[in-house]
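Let's walk through this model together, from single residues to the whole chain. Please keep the structure open beside the text as you read.

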Amino acid sequence: MKMIKNMISKAKNAVNNAAVKASTFLMVQKNKMRLAVANNRGDNYVSEAVKILIAIVLGGLLLAGLYALFGDVVMPTLKTKIQEMFNYKG
């Protein structure tokens with residue numbers, strides 16, 4: 001009988017310890033979230049804006065390079081190849 005009471009007591013202690021650990025974890029996470037929400041320095045917004053501007057500039061440069069490549073190299077070559085293909089005198 002004493003052994004069963006001992007086991008029940010250990011089980012209750014284990015459940016209580018788990019509950020205390022869980023509530024402590026939740027309190028820590030809650031405090032972290034409060035600090036993150038209260039942070040109004042704007043560091044993240046500035047870095048995101050810089051990333052977006054860099055992406056726009058690089059995209060524009062890539063499009064300008066492709067436009068120049070197609071306009072000067074690909075299209076004249078393509079035009080002569082098509083003319084040669086249809087200029088068959090057999």
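Is Leu 26 buried or exposed? With a relative accessible area of 56%, Leu 26 is exposed, where exposed means over 50%, buried under 20% and partly exposed in between (1.4 Å probe, protein chains only). You will find Leu 26 in helix α1, which covers residues 2–38.

A word on what you are looking at: this is a predicted model, in which local features need pLDDT of at least 70 and side-chain atom pairs count only at pLDDT 80 or more, while totals for chains, interfaces and linings use all residues. Residues are numbered from 1 along each chain as its sequence is written, and side-chain values use heavy atoms, with hydrogens and water left out.

Zooming out, the protein chain has two helices and zero strands; these are DSSP runs numbered from the N terminus, with helices being H or I of at least four residues and strands E of at least two. Its C-alpha atoms fill a box of roughly 110 × 45 × 10 Å along the principal axes. The radius of gyration is 35 Å, whereas a compact globule of 90 residues would have one near 12 Å; the value is taken over C-alpha atoms, and the globule rule is 2.2 Å times the number of residues to the power 0.38. Of the 90 residues, 0% count as buried.

Now follow helix α2, residues 43–86, to Leu 78. Leu 78 is partly exposed, at a relative accessible area of 41%. Leu 78 also belongs to a nonpolar surface patch whose members include Leu 62, Phe 70, Ile 82 and Phe 86, with about 1100 Å² of accessible area for the whole patch. Such patches take residues with over 30% relative accessible area and no salt bridge, joining nonpolar side chains (Val, Leu, Ile, Met, Phe, Trp, Tyr) within 5 Å and like charges within 9 Å. The areas come from the Shrake-Rupley method with a 1.4 Å probe; for residues, only the protein chains shown count as cover.

Finally, the charges. Side chains of opposite charge can pair when their charged atoms come close. The count here is one salt bridge, defined as a side-chain nitrogen of Lys or Arg within 4 Å of a carboxyl oxygen of Asp or Glu. Lys 51 and Glu 48 form it at 3.5 Å, N to O. Both lie in helix α2, three residues apart, about one turn of the helix. Lys 51 is exposed at 52% relative accessibility, and Glu 48 is partly exposed at 36%.
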